[in-house]
Amino acid sequence: MTLRLDPDRLLPVDPTTREVARRLYALVAGAPIVSPHGHVDPHLLLDDEPFPDPATLFIRYDHYVTRLLHADGVSFATLGVPDASGAEQVGEPREAWRAFCSRWRLFAGTASGYWLAHAFGTLFGIDEQPSAENADALYDRIAAQLERPEMRPRALFSRFGIDVLATTDDPMDDLAAHRALADDPTFSGRVLPTFRPDAYIDPLAPGFRDKVAALAAWGGHAADDYPAYVASLEARRRHFVEHGAVSADFGVREPYSIDLGAERAGELFAKAVAGTIDAAEARDFLGHMLLESARMSVDDGLVMTIHPGVHRNHSQSTFDRFGPDTGHDIPIPAEFVQNLRPLLERHGNDPRLHLVLFTIDETTYSREIAPLAGFYRSVFIGAPWWFLDAPDAVQRFRAAVTETAGFSRGSGFIDDTRAFLSIPARHDMSRRLDAAFLARLVAEGRLDEESAAEIVVDMVGAQPRKVFRL
């Protein structure tokens, strides 16, 4: 069967509205990509090595892909994911590719299928749908092209038109890769680190005590010294700022904030370090540190992004055998209005704070997040994220937030991806959907086309640069 990229994909069906959308999309189709939050490893660009094979590139590290294959009965070993015990032999890349191609139908209608088709067609010139019959031929075709210089990461970075790419990094990272890229005269892109302290502020996070011990050793203080712990976190944030960071990201289960006061926070911190803290106390300590982190952002200027509402590692047996990011993180409800009130009472209207709120609980868009962003000077609406960064969900997002908060309170598109080759597909998808949404407003007489043109351009450039202080 033919794999064809419709030039009008995602644009409105109505001919009149489609013409407007075409004109709007044309204004941004080739605009530079601003990616202020993502998970690409900076060493990919620093080392600039060829991608090893099609399966590693498209399957092994993309849990959007592996989760559906796993649900259809394909083992992680077949997909190239190693067992922690080493007991199960990992399959060859070609075997993983064959399993994927023979199940291409699983991705029909999914965002993953859309992005993969975009990459296959635009990067490799593939015009037939993957199948069991053509799997080997497609593997060989892609593998041959991956050996070409123009398919190396740096060449693709330039080809994709990426202006800014943010990574996600451990607070104790020395950021040497970022420094090397910044100092390399042959590389002109901006690759910025992002401070991600979850494992250092959540007592229930795997490895919390070891992380805090490493921070204390670096700072030269006792592991249970709360004031020194806070000072060391502040110092690590300064290290990130010095290396170009513009944001600090928090992947919390709930956006809960509370002011415990230094004395009570110190007591709970000591219990956390000793391993005697209970779940309720851990929740309070994390909520206190979320508030403290907002205070730090006011002081050092790092944009604060919060990604809540995920039950991480839902399958304990899978986590034990194969580790995190293997496809079984599941959305849960998230409440913002009451949980964030202590933080917003203190910092919500301080212009020095930029607070970007993400959710994968769609019910909060119009009820909570858009109204908060429509009042508090510091609050911005994060783009649809994770399970919601898909065509229909993006359109629902626009309809849910725009009438309350307009376009100026949004973050701009966030690709939030580890899959490097999907970055242009995701941004192109967003641009087409924004053009479609604005075209409908124009067709309904709710917005003139000149204003729509200004808005669609701002949303891919000026808006994310403003929100993320780029």
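Which residues are linked with Asp8 in a network of salt bridges? Select Arg18, Glu19 and Arg22, and you have the network together with Asp8. Before you zoom in: this is a predicted model, where local features need pLDDT of at least 70, side-chain atom pairs count only at pLDDT 80 or more, and totals for chains, interfaces and linings use all residues. Residues are numbered from 1 along each chain as its sequence is written, and side-chain values use heavy atoms, with hydrogens and water left out.

**Stop one: around Asp8**

A salt bridge here is a side-chain nitrogen of Lys or Arg within 4 Å of a carboxyl oxygen of Asp or Glu. Draw a distance from Asp8 to Arg18: their closest N and O atoms are 3.6 Å apart. Asp8 sits in the segment before helix H1 (15-28) and Arg18 in H1, so this pair ties together parts ten residues apart in sequence. (Helices are DSSP runs of H or I, at least four residues, numbered from the N terminus.) Now pick Arg22, which also bridges to Asp8, at 2.5 Å from N to O. That pair ties together parts that are 14 residues apart in sequence, because Arg22 lies in H1 too.

Colour by accessibility next: buried means under 20% relative accessible area, exposed over 50%, and partly exposed in between (1.4 Å probe, protein chains only). Asp8 counts as buried at 12%, while Arg22 is partly exposed at 33%.

**Stop two: helix H6**

Select residues 111-124, which make up helix H6. Twelve of its 14 residues are buried, so the rest of the structure largely encloses H6. Among the buried ones are Tyr114, Trp115, His118 and Phe124. Step past the end of H6 to find Gly125, with a positive phi near 65°.

**Stop three: Glu403 and Arg446**

How far apart are the closest N and O atoms of the salt bridge between Glu403 and Arg446? They are 3.2 Å apart. Glu403 belongs to helix H18 (residues 391-405) and Arg446 to the loop between H19 and H20, so the pair ties together parts 43 residues apart in sequence. Glu403 is exposed at 66% relative accessibility, and Arg446 is partly exposed at 45%. Across the whole structure, a search finds 37 salt bridges.

**Last stop: Asp448**

Asp448 is in the loop between helix H19 (423-443) and helix H20 (449-460), and is partly exposed at 41%.

Note on methods:
Helices (H or I, at least four residues) and strands (E, at least two) are DSSP runs, numbered from the N terminus. The expected span of a helix is 1.5 Å times one less than its number of residues.
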